[in-house]
Amino acid sequence: MKVNPILKRDMMVQSRSYTIPLVISGINAVLFLVGLLGVFGVTARMQHSAENEYEAFISIYILVVMIWFGLIVLVAPSLTAGGISGERQTKTMDLMLITLMKPMDIIGGKIISSLWSIVVMLISCIPAMMIPLLFGGVSTMKTILIMLSMIPMILLFLCIGIFASSIGSTSIRSTAIAYAITAFICIGTVVIAVLSANFAGNGNNYLAYMLVFNPATTILSMLANAIGEVSFLGKLFDALSLSPERAFLRFYPIVSILFQLMLSAIFVICTVLNITPKRK
């Protein structure tokens with residue numbers, strides 16, 4: 001079986017580096033700290049008040065998942081942001097392009113090696129995410145489903161990073177571009193959709209559909225479904241003065257994940273075009 005040489009090299013470099021283990025340890029430390037402190041605080045309060053506060057455990061669970069998502073948003077783009085620009089800085093990019101490898105092989109190797117690191121982080125965080133569920137509230141299968149749904153979102157962030165790396169001249173500039181694009185998708189889409197509601201008539205706010213590209217809303221909708229709040233997404237859109245079709249909200253997580261995969265493919269195609277040598 002032929003192994004992508006870029007993937008093989010990057011995996012070897014990662015295995016010799018302390019960066020990924022330190023990042024994994026840091027993320028797990030934060031999640032365990034939040035989960036344990038939250039659970040201990042709720043159980044101590046229940047002992048004194050003799051009241052059931054199982055909703056508090058659900059809140060802790062949502063907090064832990066959203067913190068994990070936020071940390072991944074911070075980590076994922078940086079993993080690939082230096083993939084192409086770093087090779088250019090070390091003068092090895094031109095050497096790779098004159099080999100038998102295609103641009104897609106280079107990009108695929110960079111993305112897959114980074115995706116593997118993130119998946120390892122995801123798996124390592126399972127115990128921390130399960131702590132608030134010791135008292136029930138959300139099934140293990142729904143938690144696993146939420147974690148699996150994060151993979152397309154992680155892939156999107158990695159593709160953003162590799163695209164930024166193809167247009168940035170240095171790794172620092174590429175990282176800044178990657179975070180700017182990530183911020184636009186996670187925050188800018190919400191701002192544009194909300195502002196557009198002030199200028200659109202009832203039922204004509206089509207920019208509300210921009211949120212399908214926003215991974216944060218996808219995670220929120222998955223969490224809402226997991227805890228039985230099936231009307232949460234509708235209330236969220238209503239609070240933002242947005243008015244998409246209710247049928248759209250019903251299938252929002254699936255539609256959102258598909259659109260994010262499509263956006264990832266667009267970033268990859270643009271990256272391939274950027275690094276493909278131009279014929280004169």
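Which residues form a nonpolar patch on the surface, and what accessible area do they have together?

Reply: The model is predicted: local features need pLDDT of at least 70 and side-chain atom pairs count only at pLDDT 80 or more, while totals for chains, interfaces and linings use all residues. Residues are numbered from 1 along each chain as its sequence is written, and side-chain values use heavy atoms, with hydrogens and water left out.

The patch consists of F251, I254, L258 and L261, with about 390 Å² of accessible area together. Patches are made of residues with over 30% relative accessible area and no salt bridge; like charges are joined within 9 Å, and nonpolar side chains (Val, Leu, Ile, Met, Phe, Trp, Tyr) within 5 Å. A salt bridge here is a side-chain nitrogen of Lys or Arg within 4 Å of a carboxyl oxygen of Asp or Glu. Accessible areas come from the Shrake-Rupley method with a 1.4 Å probe, and for residues only the protein chains shown count as cover.

L261 counts as partly exposed because its relative accessibility is 36%; buried means under 20%, exposed over 50%, and partly exposed in between (1.4 Å probe, protein chains only).

Now the setting of the patch. The protein chain has 13 helices and zero strands; helices (H or I, at least four residues) and strands (E, at least two) are DSSP runs, numbered from the N terminus. The accessible surface of the protein chain is about 14700 Å², and carbon and sulfur atoms hold 71% of that. Of its 280 residues, 45% count as buried.

The interior has its own nonpolar groups. A nonpolar core is a set of buried Ala, Val, Leu, Ile, Met, Phe, Trp, Tyr and Cys residues joined through side-chain atoms within 4.5 Å. The largest has 65 residues, and W68, I146, M150, I154, I160 and F267 have the most contacts inside it. A second, separate core has seven residues, including L211, L233, F237 and F248.

Helix α8, residues 140–167, holds T143. T143 counts as buried because its relative accessibility is 2%. Not counting residues up to four places away in sequence, T143 touches Y61, M130, L133 and V138; contact means heavy atoms within 4.5 Å. Y61 is also among the contacts of I146, together with V65, M222, L223 and A226, when neighbours within four places in sequence are left aside.
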